[in-house]
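Subject: Structure handover

Hello,

Here is the structure I promised to pass on. Please open it first, then read my notes below.

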Amino acid sequence: MTPRIFSHIGLSVPDLDAAVKFYSEIMGFYVLMQPSEVTEDDTAIGVMCTDVFGPGWERLRIAHLSTGDGIGIELFEFAGNHAPEDNFAYRRHGTFHFAIQDPDLEGLLERIVAAGGKQRMPVREYFPGEKPYRMVYVEDPFGNVFELYSHSYELTYSAGAYA
């Protein structure tokens, strides 16, 4: 069996327009579809959303972006949205972060913080003095937690990486 290709991730945000601006201007992602409104109705997308969210979701706003390597970032603004009590519930089963790769990790980190995001930890090296692989956890201005990597996942975790 061959490995599957990662398609996209969906993020819930309180302000779709601000999120599109952040992810396009700060993160450098391409905007594929500008913010649009979807309502709970009998259109194909309305029915599809009811299948996913159940009845009573009323309306949402959505935009589609893409990373430089074609991974989709699907941004949602739901009616009645609210921030979670703990935006980093890593012990809870399910997705708790995603990662973005940039060789200028520190430069991107500065832009994220300047745009209202947060740095959750110091920049750390995986192999101090041996390999230049670095990482740091951050938050976007809307509380979504993600990780920045300086190098590819394959390089960082390849055989012998922790020898």
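Which residue takes a positive phi just after H3? That residue is Gly 116, with a phi of about 105 degrees. Please keep in mind that this is a predicted model.

**Overall picture**

The protein chain has four helices and nine strands. From the N terminus, the order is β-α-β-α-β-β-β-α-β-β-β-β-α. The C-alpha trace spans about 60 × 45 × 30 Å along its principal axes. The chain has 163 residues, and 38% of them count as buried. Take the contacts with a separation of 6 or more: 55% of these come from residues 24 or more positions apart.

The accessible surface comes to about 10,100 Å². Carbon and sulfur atoms hold 55% of that surface. The chain carries 12 positive and 24 negative charges.

**Helix H3 and what follows**

H3 covers residues 105-114. Its buried residues are Leu 105, Gly 107, Leu 108, Leu 109 and Ile 112. Why can residues three or four places apart in an α-helix point the same way? An α-helix has 3.6 residues a turn, so such residues do point the same way.

What do the buried residues of H3 pack against? One partner is a helix, H1 (16-26). The others are the strands S6 (118-119), S8 (131-139) and S9 (145-149).

Lys 118 lies in S6. Leaving aside neighbours within four places in sequence, Lys 118 is in contact with Ile 112, Val 113, Tyr 137, Val 138 and Glu 139. Ile 112 is also one of the buried residues of H3. Ser 152 is 34 residues from Lys 118 in sequence. In space the two are 23 Å apart, C-alpha to C-alpha.

**Aromatic rings**

The count comes to 19 aromatic pairs. Phe 22 and Tyr 23 form an edge-to-face pair. Their centres are 4.9 Å apart, with 90 degrees between the planes. Both residues are buried.

Phe 76 and Phe 78 pair in another geometry: their planes are at 5 degrees and their centres 5.4 Å apart, so the pair is stacked. The cut-off for stacked is under 30 degrees between the planes. Is Phe 76 buried or exposed? Phe 76 is buried, because its relative accessible area is 14% and the limit for buried is under 20%. Phe 78 has a relative accessible area of 23%, so Phe 78 counts as partly exposed.

Ring pairs also link a cluster. Its members are Phe 22, Tyr 23, Phe 29, Phe 98, Phe 142 and Phe 146.

**Charges over rings**

Two cases are worth a look. The charged end of Arg 120 sits over the ring of Phe 88, 4.5 Å from the ring centre. The charged end of Lys 131 sits over the ring of Phe 127, at 5.0 Å from the centre.

Where is Glu 58 found? Glu 58 is in the loop between helix H2 (44-53) and strand S3 (59-66). Its phi is positive, about 70 degrees, although Glu 58 is not a glycine. Glu 58 has a relative accessible area of 54%, so this residue is exposed; the limit for exposed is over 50%.

Best wishes

Note on methods: Residues numbered from 1 in each chain as written. Predicted model: local features only at pLDDT ≥ 70, side-chain atom pairs only at ≥ 80, totals over all residues. Heavy atoms only, no water. Helix = DSSP H or I, 4+ residues; strand = E, 2+ residues; numbered from the N terminus. Buried < 20%, exposed > 50% of the residue type's maximum accessible area, 1.4 Å probe, protein only. Contact = heavy atoms within 4.5 Å. Areas by Shrake-Rupley, 256 points an atom, 1.4 Å probe, with all protein chains shown as cover. Lys, Arg positive; Asp, Glu negative; His and termini not counted. Charge placed at Lys NZ, Arg CZ, Asp CG, Glu CD. Phe/Tyr/Trp six-rings, centres within 6.5 Å; stacked < 30°, edge-to-face > 60°. Lys NZ or Arg CZ within 6 Å of the ring centre and 35° of its normal.
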